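Welcome, and please load the model in your viewer. We will go from one selection to the next and look at what is there.

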Amino acid sequence: MMILGYLLVALVCMLPGGSSWPADREGKSPAYTTRFDYVNVDRFLSNTRLLNSYLACIMDKGPCTKEGNELKVILPDAIRTDCSKCTERQKAGIDKVTKYLQQNRKDQWKELSEKFDPDGSLRAKQAS
């Protein structure tokens with residue numbers, strides 16, 4: 001799984017209507033909300049308008065919804081912690097979104113990589 005793909009966990013899990021702030025559950029380690037674990041990732045990826053909107057928000061190229069602004073706060077944590085707060089379903093969603101962007105949206109994937117891994121250190125870590 002690409003480390004930069006972790007930034008997409010929020011993208012998959014942050015559809016309008018909920019908060020993605022980490023929540024402490026019964027004294028366990030904080031985790032991202034599971035509220036959207038059952039989102040149809042294929043439907044999300046096929047919704048060009050919604051996907052473009054979130055990508056523009058992440059890249060500071062367009063307006064952000066409340067959820068988009070929260071996403072921008074969560075991304076550094078998800079990347080820094082190697083998605084330690086992600087559920088297995090979120091990790092599976094990350095794999096799907098990552099592969100989709102790498103295969104179908106190469107320019108946008110390159111922009112995301114340059115923004116969130118400007119020195120290539122995350123990609124180097126992934127390769128080792």
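Start by selecting tyrosine 32, which sits in the loop between helix H1 (7–13) and H2; helices (H or I, at least four residues) and strands (E, at least two) are DSSP runs numbered from the N terminus. Before going on, note that this is a predicted model, in which local features need pLDDT of at least 70, side-chain atom pairs count only at pLDDT 80 or more, and totals for chains, interfaces and linings use all residues. Residues are numbered from 1 along each chain as its sequence is written, and side-chain values use heavy atoms, with hydrogens and water left out.

Is tyrosine 32 buried or exposed? Its relative accessible area is 5%, so tyrosine 32 is buried (buried means under 20% relative accessible area, exposed over 50%, partly exposed in between, with a 1.4 Å probe and protein chains only).

Next, select cysteine 57 and cysteine 64, which a disulfide joins with an S to S distance of 2.1 Å (a disulfide is a pair of cysteine sulfur atoms within 2.5 Å). The structure holds one disulfide. Look along the S-S bond: the angle about it is 105°, and the link is right-handed. Cysteine 57 has 1% relative accessibility and so counts as buried, while cysteine 64, at 25%, counts as partly exposed.

Move on to helix H6 (residues 106–116) and show Trp109, Leu112, Ser113 and Phe116, which are buried. They lie on the same side of H6 because they cover an arc of only 100° around the axis, taken from the directions from the helix axis to the C-beta atoms. Turn to the other side of H6 to find Asp107 and Lys110 exposed.

Finally, colour the largest nonpolar core, which has 17 residues, with Phe44, Leu45, Ile58, Leu101, Leu112 and Phe116 having the most contacts inside it. Such a core is a set of buried Ala, Val, Leu, Ile, Met, Phe, Trp, Tyr and Cys residues joined through side-chain atoms within 4.5 Å. H3 gives the most to this core, five residues. A second, separate core of six residues brings us back to Tyr32, and also includes Ile74, Ala78 and Cys86.
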